[in-house]
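Subject: The structure, with notes

Hi,

Here is the structure I promised to hand over. Please open it first, and then read my notes alongside it.

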Amino acid sequence: MADSPPAASLRGDALRVLHAALAAADPEEAVKRHLRLLPGGRLEAGGRIWELGRFRRVLAVGAGKATAPMARALEEILGERLDGGTIVVKDGHGLPLRRIAVREAAHPVPDGRGVQGTGEILDTLAACGAEDLVVALISGGASALLTAPVEGIGLEEKQETTRLLLACGATIHEMNAVRKHLSRAKGGGLVRAAHPARVLTLVLSDVVGDDLDVIGPGPTVPDASRYADAVAILQRHGLWDRIPEAVRRHLAAGAAGDRPETPKPGDPLFAGSATVIVGSCLQALAAAAREAEAAGYRSLILSSKIEGEAREVARAFAAIGRECRDSGHPLAPPACILAGGETTVTLQGAGRGGRNQEMALAGAIALEGVPGVLFLCAGTDGTDGPTDAAGAVADGETAGRGRRLGLEPRDFLKRNDAYTFFDRLGDLIRTGPTRTNVMDVYLLLVGAGGA
């Protein structure tokens, strides 16, 4: 049986703050806030008006963990003006829709169902003409779900490349620069396939900085990366000689100018396209801050652009928590310090977990013995790594509670086995699939007993 959990009041407040962030990131409501059908069949999106009467058909395509609720909102807004389409979502993230076909596939490593669903999307786009409007719905997870390997590369080879990138600590920006140059759909590929149709893209951002050419990664926007960048990334992480031979040959040929590049900024392909970000991590953090203030905490949003090795970032957060408690800087207790982003984990062991659980475990070690400070890390999509948990919560007593159960926290961190550690303590956060994804949320709560 697990030892007693972190201080109940801080833990309860932290979970309420987290759920406020998740509610603000609800993809269905996000689409409704940014898309309106006006009288006369005019569609307003991001300040731009689309005259639907000028189009022969309106079709929807897309991919991602949050795309099903985005599609449901689109169906509600457009009604009979929507002529159909196809989306690909992560297993367990589908919803019943009336006009849009939903295909489920594997994530984060792509599978054959993702290839089949993406093939349906590309076939739909290939039949489009200048009188069609395509609404593309893109959210986190599309990188793996929107899978259409270039000629000469099989699914197994793309899967192996993805596994290697996931395990080496590559950032999402680096991973996507590689994947865009192995795909017919990413890096502007959907717009290229739909040309000369008009394309309106609605995006729920899951990347640091909301870079449009990284979200998804960038299936409907220009790609600033090049083959040479993909090669350099793989070499920098020591993967160039480990990736499948077909992948290495393709990227080397592209870097030598023997393969067509992805479409770049200024390409006329994008003249009839527009993109609207309907939701982001910063919006979720703002809602979390409001919830914390309603509960009596002073709140501060540090950044929505946190990156780096999870255990290193955790130590920085722990230092902030100790400083806040001891001196009242950067905020006097009771305080809620918020941030968001996406850290990375360099795998060294064969344990279970994800970047948020690893970050919470490193934070527990750094906060050991510090009273009145709680650290929560969670993925807004409800999943953290290949586990059923969104993240974990820790405080100054977590490490000691683990040792009383015979669990040495440093050993679990070394094995990348944070899931087992927190599961035994009862400190995992399980939200179930949230059908949204605006990166990860981190929060420090410092009780009133501080400075």
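Helices (H or I, at least four residues) and strands (E, at least two) are DSSP runs, numbered from the N terminus. This is a predicted model, in which local features need pLDDT of at least 70 and side-chain atom pairs count only at pLDDT 80 or more, while totals for chains, interfaces and linings use all residues. Residues are numbered from 1 along each chain as its sequence is written, and side-chain values use heavy atoms, with hydrogens and water left out.

**The sheet**

Three strands make an open sheet in the order β1-β2-β3, with antiparallel pairing; two strands pair if DSSP finds at least two bridges between them. At the edges are β1 (35-38) and β3, each of which pairs on one side only. On average, and ignoring direction, neighbouring strands of this sheet are turned by 25 degrees against each other. Angles between N-to-C directions run from 0 to 180 degrees, and axes are lines fitted to C-alpha atoms, for helices over the stretch in contact.

β1 is joined to β2 by four bridges, and leucine 35 stands opposite alanine 45 in β2. Four bridges also link β2 (residues 42-45) with β3 (residues 48-51) in the antiparallel sense. Here leucine 43 has tryptophan 50 of β3 as its bridge partner. The two strands form a hairpin with two residues between them, and glycine 46 in the turn has a positive phi of about 60 degrees.

Which strands does helix α2 (residues 27-34) lie across? They are β1 and β2, and α2 runs at about 45 degrees to β1. Helix α3 (residues 67-78) packs on the sheet too, touching β1 and β2, and its direction makes about 10 degrees with that of β1.

**The helices**

α6 and α7 (residues 172-180) pack at an angle of about 165 degrees, their axes 10 Å apart. They are therefore roughly antiparallel to each other (over 145 degrees; under 35 is roughly parallel, 65 to 115 roughly perpendicular and the rest oblique). In α6, Lys158, Thr161, Thr162, Leu165 and Leu166 meet Met175, Val178 and Arg179 of α7, where contact means heavy atoms within 4.5 Å. By class, the contact of α6 with α7 has four nonpolar, two polar and two charged residues. Ala, Val, Leu, Ile, Met, Phe, Trp, Tyr, Cys and Pro count as nonpolar, Asp, Glu, Lys and Arg as charged, and the others, Gly among them, as polar.

α7 also packs with α9, at about 130 degrees and with the axes 8 Å apart; these two helices are therefore oblique to each other. Glu174, Ala177 and Val178 of α7 make this contact with Ala230, Ile233, Leu234 and Arg236 of α9. Its classes are five nonpolar, no polar and two charged residues.

In helix α10 (residues 245-255), the buried residues are Ala246, Val247, Arg248, His250, Leu251, Ala253 and Gly254. Buried means under 20% relative accessible area, exposed over 50%, and partly exposed in between (1.4 Å probe, protein chains only). The buried residues of α10 pack against α6 (155-167) and α9 (227-236). After α10 comes glycine 257, with a positive phi near 90 degrees.

**Leucine 15**

Leucine 15 lies in helix α1 (residues 8-24). Its relative accessibility is 27%, so leucine 15 counts as partly exposed. Leaving aside neighbours within four places in sequence, leucine 15 is in contact with Leu376 and Ile429.

Best wishes
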